[in-house]
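Hi,

Here is the structure I promised to pass on. Have a look at it first, and then read on for what turned up.

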Amino acid sequence: MINYLLNVDYAPFILSFKLAFITTLILFVICLPLAWYLSQTKSKSKPFLEALSTMPLVVPPTVLGFYLLWGLSHNSPIGIFFEEYFGIKLVFNFYGIIIASCIYSFPFMVQPLQSGFESLDKNMLEASYISGKSKFKTMIFIALPNIKPSLMTALVISFAHTVGEFGVVLMIGGSIPNETRVAAIAIYEFVEILDYKNAHIYSLIMIVISFITLLLVYIFNGKNKRGKLI
């Protein structure tokens, strides 16, 4: 078993981790200010923005993948712009699955951050404003350090969700070795060709990764809660 594990092609896993890391980083930069805004605003547009940011949770991956494929193709305005000015094709390559992953995993980043910001003591935020700190500094230096469990949850779950993506990535990227063939797609292909041995190995590795990921989140959050009680 050990010898077999040593001979497994880990390229799809490496590609999955690379995709997940880049996606998580991009989502953090985008979702942090949005989550802060949603947690603080009383605007009438808030329900609209919340519904829009949550849609990837309820829209079937095939539907989302289809419209992304249509919107990013070389015939679309976005596709033409990137191909003409940057020489980049947005479908069936790594750039395309990054965009697809960011959209598909968007709720998993923004919702925990928003919940964390909403749970903060409003008096603490008001004290920051009174002391002369801007909204940006309050978000970065006051609010963010005080929502560590929510931040950890957002980062880890977004990463893990991206690692396990299948439908959207398959429609946008296909299955190009070392380019778009992530672990979930590799498992699907093994099943298609009835190679259950490799499918079992890859699936078990994914299960172990998922379990360790969730375990780390619960351990971190548990320690943080105990630290607050002491």
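Leaving out residues up to four places away in sequence, which residues does H161 touch? They are Y104, S105 and F108, where a contact means heavy atoms within 4.5 Å.

Before the rest, a word on where this comes from. It is a predicted model, so to speak of local features we need pLDDT of at least 70, while side-chain atom pairs count only at pLDDT 80 or more and totals for chains, interfaces and linings use all residues. Residues are numbered from 1 along each chain as its sequence is written, and side-chain values use heavy atoms, with hydrogens and water left out.

Back to H161: you'll find this residue in helix 10, residues 148-163. H161 counts as buried because its relative accessibility is 18%; buried means under 20% relative accessible area, exposed over 50%, and partly exposed in between, with a 1.4 Å probe and protein chains only.

Now the whole protein. There are 13 helices and zero strands. Both kinds of element are DSSP runs numbered from the N terminus: helices are H or I with at least four residues, strands are E with at least two. Of the 230 residues, 40% count as buried. The C-alpha trace spans about 65 × 50 × 30 Å along its principal axes. If you take the contacts with a separation of 6 or more, 75% of them are between residues 24 or more positions apart.

A pocket here is an open set of points on a 1 Å grid over the protein atoms alone, where a 1.4 Å probe fits, with protein on both sides within 12 Å along at least five of seven lines; lining residues have an atom within 4 Å of a point. For the largest pocket, the lining is L52, M55, P56, V59, L64 and I103. Helix 3 (residues 46-58) gives the most to that lining, with three residues.

One of the lining residues is M55, which lies in helix 3. Is M55 buried or partly exposed? M55 counts as partly exposed because its relative accessibility is 41%. The C-alpha atoms of M55 and P107 are 7.9 Å apart, although 52 residues separate the two along the chain.

Cheers
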